[in-house]
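Good morning, everyone, and thank you for making the time.

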Amino acid sequence: MDKFTAHTGVGVPLRRSNVDTDQIIPAHWLKKVTRDGFEDGLFEAWRKDPDFILNKSPYDKATVLVAGPDFGTGSSREHAVWALQNYGFKVVLSSRFADIFRGNSGKAGLLAAQVDDKVIQRLWDYLEANPGATVTVDLESRTVKAGVGDSAGPSPDGEGAIEDSFTIDDYTRWRLLEGLDDIGITLGHEDDIAAYESQRPSFKPATL
Amino acid sequence: MGRTLAEKVWDDHVVRSHAGEPDLLFIDLHLIHEVTSPQAFDGLRLAGRAVRRPDLTLATEDHNIPTTDLDKPIADLVSRTQVETLRRNAEEFGVRLHPMGDIDQGIVHVVGPQLGLTQPGMTIVCGDSHTATHGAFGSIAFGIGTSEVEHVLATQTLSQAKPKMMAVEVTGELPEGSTAKDLILALIAQETTGGGQGYIVEYRGEAIRKLSMEARMTICNMSIEWGAKAGLIAPDQTTYDYLSGRPSAPTGAEWDAAVAYWDTLASDDDAVFDKVVTLDASKVTPFVTWGTNPGQGVPLSASVPDPNSFDDPIERESASKALTYMGLTAGTPMRDIKVDTVFIGSCTNGRIEDLRVAAKLIEGRKVADETRILVVPGSVRVRLQAEEEGLDVIFKDAGAEWRGAGCSMCLGMNPDQLTPGERSASTSNRNFEGRQGKGGRTHLVSPDVAVATGVLGHLASPADLPELADA
């Protein structure tokens, strides 16, 4: 996994709550056996509507998705994370992520940063008023910024600049910053696993 | 200080605990299916890793497979490739697989309990969000993504931050005519889709204790629909009676040792929950969804809500979008909504008890002219049991379709799909946009409501059915 320290990119406001993983990537895409090639399936039903925000330039080049609450609910499909990444997204901001989606993001290297609902509202307003404006997300300092020293915005460093902190658990942050392989870390604790296995009760079921 | 049931199970599976890191948990059972596993096996191959504990791993084919023409190869080539990929991976890595045509094939969450592999006090994971179903036995069971599937395959462990603990106190008793499905739909509507986020929830109280194992599975199955990490119910005699004699259940002295341990699996009286919510079961009536997430539900006796009745602007917007998608007008009585297709099945309601209830209700009646009913058993063994009891004949005589086992129209990965604008009453777990087919409109219901709806052609409960003339 690549290291993630900070990212600046075009932000897109997705003014919807409860965006479930069936919307992010519909089930018929799940028949693929690879991790790539999901970009055309991202938000497939909504993208059939020419007015959908990702069909509009410059939002179609966005790499930071600013989403409503309860993003990524429903199915455990990691394909939802891959679809966002395949499309080009590096960061998703929301005031509340579904557990499994957040976990999958951390494993696959997509930054799921939780920010206050008010920050989402301000980002939505800012990004709608300033199409193509960028959002900077710094994992090191856990901050999100928009309209601060941003030449794309109408009032760089001026009024309405958004700067706030985001929440991510320490462990996921560390793994993303270092670009670590989870399985490699766990296999470093082989002795602990073997010790646990040796004392498991014999009544536990086995499949073979 | 006392511990909750979930804390006890958690503590018993900690391989390694270190400040500032999530706990490393041992996984007792890893269930696998064709959709979320291929990339995980690929990862193992690339790294030259083996499956650490094939003896704690079980695979089945369920999401993709057709429910008709079972003697023929899968017509959809992409689906066929995925199923064949699972077969190759199972063979290469030494994992037991129950493929199409095998007597133990079925939906992964029906197969585990049926084989007796799901037991109290275990940790169970699967690359499927409805894994909490197994919590009905007093286990911590939850859905994981494909990267985690690979992690469990390679290490038989998973790093997990300990969730908070919630108790759902279900007081009173379910009235006649109300089911476990109505109860969980009512709870989700009360708590909303994000209400359980960050928690393992324990369902407790008089109403829960009186439920059968299969009804308890229906409840735990839908824990994810209100955002919970997992949902579980303390084991008791009902659990033991269900387990005893199943192929993978312990026997003799091992059974006694297991029961001695299982008897300790209840929350202590002085255990502290981070949150407690209550639901009065005696007030639960048949419940149906009107919108596009499982929290958008009302009693069947109510009407489609007015989006303006929601105080929260985001909820208002969400309700308004849902009504447009569902083709519904605020104020319409739920009972006036006509339904094209009824789906009875899924890991929520595709077990033998569900089919018995449905068959009993439909016996002597006919499916409405412009409606179809699909009955899809959760597993081959459920199908065979139903056929032994003659339930298939009852369904077919009534004009319903009797199918092979699988996930089927719950998510429409196989040919069982809704067409755009088609409306279903479904005993499954998700009413998301397009879930059962592009443009399809889903109302989540219990098996009882499903049958009454299929017979009358509009959303209805068994109480709405005309009395049968005495035979």
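I will start with the conventions, then turn to a pair of helices and finally to some loops of chain A.

What you see is a predicted model, in which local features need pLDDT of at least 70 and side-chain atom pairs count only at pLDDT 80 or more, while totals for chains, interfaces and linings use all residues. Residues are numbered from 1 along each chain as its sequence is written, and chains are lettered from A and ligands numbered from 1 in the order in which they are written.

Helices here are DSSP runs of H or I with at least four residues, and strands are runs of E with at least two, numbered from the N terminus. In chain A, the axes of α3 (residues 79–87) and α4 (residues 99–108) come within 9 Å and cross at roughly 55°, the axes being lines fitted to C-alpha atoms over the stretch in contact, with angles from 0 to 180 degrees between N-to-C directions. α3(A) and α4(A) are therefore oblique to each other, since angles under 35 degrees count as roughly parallel, over 145 as roughly antiparallel, 65 to 115 as roughly perpendicular and the rest as oblique.

Now to the loops. Phe43(A), in the loop between α1 (21–24) and α2 of chain A, has a positive phi near 50°. Phe43(A) counts as buried because it has 23 C-beta neighbours inside 10 Å; the cut-offs are 20 or more other C-beta atoms within 10 Å for buried, 12 or fewer for exposed, and partly exposed in between, with C-beta atoms placed from the backbone. Asp70(A), in the loop between β2 and α3 of chain A, likewise takes a positive phi, near 60°.
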